[in-house]
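Please keep the structure open while reading.

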Amino acid sequence: MAVASASTASDVQNPSSLGRERDQSLNLDSLKEIGKKALIDALNSVNGAKTLVLDPTLAGPLGLVTEVSLLKHHGVDKMFWLEPGPLSSTTTNIVYLCRPLIKYVKILADQIKRHARESLKHRYTLFLVPRTSTLVSRILEEEGVLGDVTISSYNLQFIPIAEDVVSLEQDNAFKEIWVDGDETVIYNSALALDTLQKLYGPYPRIIGKGDYASRLATLLSRPLPEQPIPGEFNKPVVTAPFDSLIILDRQVDMITPLLTQLTYEGLIDELIGISNSQVELPVSLLTPPSAPNPANPASLPSTSAAAVTPVNNEKMKKHHLTAATDPLFAEFRDLNFSSVGKNLNRVAHRLDEDYKSRHQAKTPAQLRDFVGKLGGLQSEHQALRLHTGISEILVPITRTDIFNKSLEIQQNLLASYEVSKQTSAIEDLIAQGAEMQIVVRLLCLASITAGGIKAKSLESIKRDLLQAYGYNYLPLLLSLSASPLSILLPNPLPVSTAPSVAASKYPFTTLRKSLRLLIDDNPDALDEVENDISFVYSGYAPISVRLIQCIAQKNGVISNPAEKVLTDEADGKGSSKKLYAHPILGWKGFEDVLAAMPGKTFDIMQKGPGGDSSPPSISSLLRSSEQTSTTVVFFLGGCTYTEIAALRWVNRQHKGRKFLIATTGIVSGGSLIESIAGFGKKGPGSKDTSI
């Protein structure tokens, strides 16, 4: 496997051409505005000043659609987390905003009964996200407080988290579906996808893979309840109509999230943690340097001083990572981390040259031009300082023995190289004190790629794991071994194994060849890695994105489409040879690959305005040279930042098609394991809150 210093094709992108293509992408601002207006309408339905009691898991998503000042403007006097204990409110109105979970409803009922015992008079309103639940009403009735509460809903659906990514921001969707057996999120996803097609146009075709993905597709192909959309958002300008909806459920490719993400944004998520597009960083990285005086050359910043002071034991602050306001993040986020350093250096040199241009400013007009550019230079310099600081946090971790040993085990397992030695190496990591989630991820990866682990070795590692990390992780191991997950399996399977478990064994070695998942370890392979989606894992192509290529970029599965483009550029022909994306023709040509994988395969033609659901004719598939369409890709159960980066790479290889990536949430191997274990992302600890 090629351990690449994989700079991607994005290194050689023409910014102006990217800008023109982005102009034809869907404008997702409507989704944010709908979420904001629905929240305002909900708050305005409660007259007078109000106390807002907030589900801690909603603080991050709400921060992406609104701000505290707007809530204050619409009557919110004070805000608290929804947590056990007494609630003190100076307002008559108390508004609860939470997801329909039993633990939150019990807390709410206890607080209402406490107020009744203390003879406190309040009016209670409960807004459930994203919709009301009969179960909630029943629990409130059992608690004897149903008559005291007005129940309504706040229909928060897709939230834009990037210019081409929307998310339901439901962190526990994977656990709810595959561990708890709660399919509520599937129905919520159907409603959100239905809203999307009402805003931007119908999905002519729904294609996908996976049992739960098939259930979602079935829901979408049937009439769903009407959802009110504010009139001003009913008809947004659509420059790139949908050509299809691709749905993949997470179990179709469990290997990808188990691997360590090697893109810049992915590695930040792995090692620091990104939640709702926010990352906690030392305050010194987020504090801009003092404003320089252009009249005093000594006060102008030096790009060589982009290095930051040590950040050990420093106060932390949340920072919103977004390409909308950070041009360097837009450039770096999808790069393999090994190439970020040289790009930071390149930007530093360019900024240094820009600052030095003041020496050529002789006339008042030239000085005025330099001062006009100074604001942008300062902003870019602060961004350089930020990303240099983040890199300085990441690099020491990537040089640790445990991190590199983990990467080595992953690469060997993907290549099926001496599997028994890899299981021994996993045991060694337990002895070295590696984090629980690292060990469990590697164990799951070994089981999936090798078709199971020798029973004796598996039991030995499980025993060591429980003794090292605690027996509270026993439910985690049981969930990973049980249906429908069936990830941690012995090889061979016991005779008593259920047929459904045996049928779910993953044909990794077959897929590795048929989907060209692994780039061979030879000098020529490095160029191939740089021009293929495998750059996101330094030589391994995510199965999920290969499946999407089977539908939307068929030539990319069997060869590298970027190679011809780069050859043409070397010949002086430039990017004019970039071809138009081929029409969506379903799984054609890859039926055997799909048949070998567990889970249902589906391809549903939606009925058009005339009620016709027959396949389109060849002539109707021929696009005009100026037409651009949008393919929606929905990950049920979550997707990783590396999959997003790989899809963006696919998007850049052709003209005429854009991808809109939709997901139940952003996940990593660590977040999935911790979610299944019941130790998911914790809400903030302080009682009084702000978004």
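**Helix H18 and helix H19**

For the packing described here, axes are lines fitted to C-alpha atoms, for helices over the stretch in contact, and angles run from 0 to 180 degrees between N-to-C directions. The model is predicted, and in it helix H18 (residues 436-450) packs with helix H19 (residues 455-469) at an angle of about 170°, their axes being 11 Å apart. Since angles over 145 degrees count as roughly antiparallel, H18 and H19 are therefore roughly antiparallel to each other.

On the H18 side the contact is made by Met436, Val439, Val440 and Leu443, which meet Leu458, Ile461, Leu465 and Tyr469 of H19. By class, the residues of this contact of H18 with H19 comprise 8 nonpolar, no polar and no charged.

With 15 residues at 1.5 Å a residue, H18 should span 21 Å, and the C-alpha atoms at its ends are 21 Å apart, which agrees. H18 is mostly covered, in that 14 of its 15 residues are buried, and just after H18 glycine 451 takes a positive phi of about 75°.

Helix H16 (residues 401-414) also packs with H18, the axes coming within 9 Å and crossing at roughly 10°, and that angle makes H16 roughly parallel to H18. In this contact Ile402, Ser406, Ile409, Gln410, Leu413 and Leu414 of H16 meet Ile438, Leu442, Leu445, Ala446 and Thr449 of H18. The residues of the contact of H16 with H18 fall into 8 nonpolar, 3 polar and no charged.

Leaving aside residues up to four places away in sequence, glutamine 437 touches Gly670, Ile673 and Glu674.

Ile673 also takes part in the contact between two further helices, where Leu476, Ser479 and Leu480 in H20 meet Ile673, Ile676 and Ala677 in H30. By class, the contact of H20 with H30 has 5 nonpolar residues, 1 polar residue and no charged ones. Helix H20 (residues 474-481) and helix H30 (residues 669-677) pack at an angle of about 110°, with 8 Å between their axes, and H20 and H30 are therefore roughly perpendicular to each other.

**The parallel sheet**

Strands of a sheet pair through backbone hydrogen bonds, either parallel or antiparallel. Here 5 strands form an open sheet in the order E2-E1-E3-E4-E5, and the pairing is parallel. Strand E2 (76-81) and strand E5 (149-153) stand at the edges with a single partner strand each, so one side of each is left without a neighbour in the sheet. On average, and with direction ignored, neighbouring strands of this sheet are turned by 20° against each other.

Strand E1 (residues 50-54) runs parallel to E2 and is joined to E2 by 5 bridges. Within this pair, lysine 50 stands opposite valine 76 in E2.

**Lysine 600**

Lysine 600 is placed in the loop between helix H27 (591-596) and strand E15 (601-605). Although lysine 600 and alanine 213 are 387 residues apart along the chain, their C-alpha atoms are separated by 8.2 Å. Not counting residues up to four places away in sequence, lysine 600 touches Gly208, Lys209, Gly210, Asp211 and Ser214.

Terms used:
Residues numbered from 1 in each chain as written. Predicted model: local features only at pLDDT ≥ 70, side-chain atom pairs only at ≥ 80, totals over all residues. Heavy atoms only, no water. Helix = DSSP H or I, 4+ residues; strand = E, 2+ residues; numbered from the N terminus. Parallel < 35°, antiparallel > 145°, perpendicular 65-115°, else oblique. Contact = heavy atoms within 4.5 Å. Nonpolar A, V, L, I, M, F, W, Y, C, P; charged D, E, K, R; others polar. Pairing = 2+ DSSP bridges. Expected span 1.5 Å × (residues − 1). Buried < 20%, exposed > 50% of the residue type's maximum accessible area, 1.4 Å probe, protein only.
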